[in-house]
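Please consult the sequence and coordinates shown here alongside the text.

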Amino acid sequence: SLPDDPQLLDRVEAVELLEREFPKLALEHYQDLYDPTRLIGDILAAISRAKDEVVTAEGYARHAEAMRVAAAGDEARTTEALKSAEVARVYALYERIKRERRAIDFGDLVSLPVELLERRTDIAAKLGGMYDHLLVDEYQDVNRASVRLLKAIRPTGDNLWVVGDARQSIYRFRGASPISTSKFTTEDFPGAGSGRLKINYRSFDEIVTAYSAFAVRMTASKTETLLKAERGHSGIPIELRTRAMKDEQSVAIADCVAEMHATGFAYRDQAVLCTGNERLGVIAGDLERMGVPVLFLGSLFERGEVKDLLSMLSLLADRRAMGLVRAAGMTEFAMSLDDVGTVLTTLRDDEREPLDWLIARRDLPISADGHAALDRLAEALEGLDADTPPWRALAVILLDRTRIAATIAVAQSVGERSQGIALWQLMNFLRVQPREQGKAVPRLLDRIRRLVAIGDDRDLRQLPATAQGLDAVRLMTIHGAKGLEFRCVHLPGLNQDTLPGPSKAPACLPPEGVIAGLAGDVKTALRDGDAEERECLFYVALSRARDRLVMYAATEKANHSARPLSEFLDRLGKGVARSTPDLIRKLPPAPEDEPVTLVIDGMIRLRDSQVAMLDKDKCRRRFFYTHVLGIGGRRTETDYMRMHEAARSVVRAAVCEGLDLSDDAQLRAAVERACDDNGLDTPGSFAELRTMAITLVTRFRQSRLAHPAEIPAAVPLNIGSDQIVFNADDVLVDARGVRIYRRIRTGAYRKSDTENLGVATALLALAESAPGAAAEVVHLMSDQVTALDMTTRVLGNRRELLDKVVAGIRDGSFPASPSQRICPGCPAFFICGPVPSGSLQKV
């Protein structure tokens, strides 16, 4: 039923398609009706994994039901079976949507041919007959679908050669397993012969001996591990260099890179390998600030030069002009922070269309230099708007309206040339974006957020072949280094909590029977497989080094307690030279971590909800953008967000305005009006979301039936000369006269809502200004009420933290906390980074 040229859906398109239909499924275990992007991404990963095993939606459902029946009263196992059944429902919906669009996804590219060739042996025979010999390299990285495809084409195994190393099996996320190598001669192609390569031609003996010793206890393979190094001994041992703190590893690497360079190792012959891109991004920035040339794209949309351009694009669609914060830091449009703050304050309540403010810029009370910068910005954006294709808009800005491209074209430094590579990648990405309904710029920015949130931007991190000649240190993940070799490998993070680190299982577990060869409890088996893969990752990293291998580790945690070294180190034998080198270089602070110069006139007055953003695990940079610069809010609202806001508005009206919700018809009418006001007003299109909003408000009404209510009053907490105010969403009075101050959350239960800094602020404020009162949080999506309480010791610690964070505001300390999981949903995602120069006056 597919056309000759079916549409190939990428993961982001699949997420977008499912988001529109998600509410209709009325899921219980996988329900997220606020921002389900990541959840849908996790479910799609489970579906893709099923396709690796050639398991259809119907087959997935059968496995889930068989698991439920076999659970026989085991509550945990039954719950996992029911969750798998929900994934099966999403799987079936997804397949139907694809059929309607006559589209396929990447998982179909293997699973559909397998189904065809196993069903039509005549086609399989004809295809197999086209080749005299078949050779499969990296056989440890094939999944079961690929094995079945191979068996369909060459069922006898005649003239079939495969080459693989089970100890280098590092692609579990796409179904690869070392079991493929062990099954080759026993189950898949019985009677096949096998042989073992015994000579290593890449590395010196010190390196080969170390990773051969490590391989002895690896679970991926029990075959002979010893290899002979053709190159012999170098006389130089592999090294472990330790420093106290994690951040000192970057300095130790920079010093070692320079040391190696001085002894004849070109920068391009050295590589820094890590398990993940986030840590690599930090190290890359550190090395660049210390003058070490590096070749690393990382996450394309986290790069400064890319954010600059995306911020300029956002100006075409955002009436609040949030992108000005970033644009004002560009050389072409430099403005002072105070001027930027004035513009943003002026626009905060402005209802005009995007860029109208720029047309009327002469009325803005800013400096002459600020006006000159806005004149240049207006010239750069002239004739562009939210409907302009992003590729065309940026081509005009880069080539015709600014000197950005011209400057990079004549650049000589590796850093500037890397910027050019990143912009080339960005323009190629924009050129191939699918055309969909809606304004072009907002759609692009939302798509990028989804792309990063679900981690589907990996292809954009690849360097083009033309970049390989640059003399710069290569930074890449261990996965990315597979198949490559370097004269010197730097391997940071040799701590127990990093490599190996804790083993993990996927967010959406498959039901029993879906993954071939998986026995026992699915979650335990997948975690064991993950632990096995971490051994393989370390083995691959070690074996990339030809001449020198230098590992790094921290010995202390941030609180100066001991940080254990990796257990892998003791398995390398006795040939590891350990040292604690003196540091030669100093690490300059990142520009985005520099304090912001604030001039605060008077008392700082905060709300408890604002304080929650200053907790120890939160990004204080977001607090700066939202509550200091005043450009908060949220990214483009989804229908799910509008549904929650509709429910919240009715709750607020009931609490503060006395809206009567006692009658079902009145409640429904109030919610329907709120949905209309929040854009959920197209007949029939939002039925499920409107129904959910009614359910949430009904649960709120039910939660307060037992006690009379009062209109909440602000409860202050004094922090020196400053003040934090706790504003309850609702207040009830129980039969004993005790007031219960309530937080109302329309979303699902989260433990953090019971223990974050905002909760501590509420409890401290009540203890100080309303002794004897109680507090609770209500999660309407979960229909759950939870009492709020903290021990005296915990409250004391939280009070100390409040003193520090308020002092930090006065000091202008707003460090960023990058996170792939959280950052894409932040309103400031595209502008986050260094702020314009100068000070900001706050009254």
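The sections below treat domains, a sheet, ring interactions and local backbone features of this predicted model.

**Domains**

The domain assignment divides the protein into domain 1 (7–105), domain 2 (129–192), domain 3 (206–223 + 234–297 + 470–502 + 520–579), domain 4 (300–462) and domain 5 (639–654 + 665–713 + 732–787). Taken over C-alpha atoms, the centres of domain 3 and domain 5 are 49 Å apart.

**The five-stranded sheet**

Five strands form an open sheet with mixed pairing, in the order β16-β19-β20-β21-β22. The partner of β16 is β19 (residues 730–733): the two strands run antiparallel and are joined by two bridges. Within this pairing, Ala709 has Leu732 of β19 as its bridge partner.

Helix α27 (residues 687–703) lies across β19, β20 (739–745) and β21 (774–779), and its direction makes an angle of about 170° with β20.

**Aromatic rings and charges**

Over the whole structure, a search finds 14 aromatic pairs. One of them is formed by Tyr60 and Tyr91, in an edge-to-face arrangement with 6.1 Å from centre to centre and 75° between the planes. Elsewhere, ring pairs connect Phe623, Phe624, Tyr625 and Phe814 into a cluster.

Charged side chains also lie over ring faces. Arg231 is placed over the face of Phe204, 3.9 Å from the ring centre. Lys307 is placed over the face of Phe829, 5.8 Å from the ring centre.

The C-alpha atoms of His63 and Gly513 are separated by 6.3 Å, although the two residues are 450 residues apart along the chain. Beyond its neighbours within four places in sequence, His63 contacts Val55, Pro511, Glu512, Gly513 and Val514.

**Local backbone features**

The peptide bond from Leu499 to Pro500 is cis, with omega near 20°. Pro500 is located in the loop between β11 (486–491) and α22 (522–542).

Val54 and Ala321 are non-glycine residues with positive phi, as listed in the table.

| Residue | Phi | Loop | Relative accessibility |
|---|---|---|---|
| Val54 | about 55° | between α2 (37–52) and α3 | 13% |
| Ala321 | about 55° | between α12 (304–315) and α13 (324–327) | 0% |

Which class of accessibility applies to Val54? Val54 counts as buried because its relative accessibility is 13%, and the buried class is set at under 20%. Ala321, at 0% relative accessibility, therefore counts as buried too.

Note on methods
Residues are numbered from 1 along each chain as its sequence is written. This is a predicted model: local features need pLDDT of at least 70, side-chain atom pairs count only at pLDDT 80 or more; totals for chains, interfaces and linings use all residues. Side-chain values use heavy atoms; hydrogens and water are left out. Two strands pair if DSSP finds at least two bridges between them. Helices (H or I, at least four residues) and strands (E, at least two) are DSSP runs, numbered from the N terminus. Contact means heavy atoms within 4.5 Å. Axes are lines fitted to C-alpha atoms, for helices over the stretch in contact, and angles run from 0 to 180 degrees between N-to-C directions. Rings of Phe, Tyr and Trp (its six-membered ring) pair if their centres lie within 6.5 Å; planes under 30 degrees apart count as stacked, over 60 as edge-to-face and the rest as tilted. A charge sits over a ring if NZ of Lys or CZ of Arg is within 6 Å of the ring centre and within 35 degrees of the ring normal. Domain bounds come from an automatic or database domain assignment. Buried means under 20% relative accessible area, exposed over 50%, partly exposed in between (1.4 Å probe, protein chains only).
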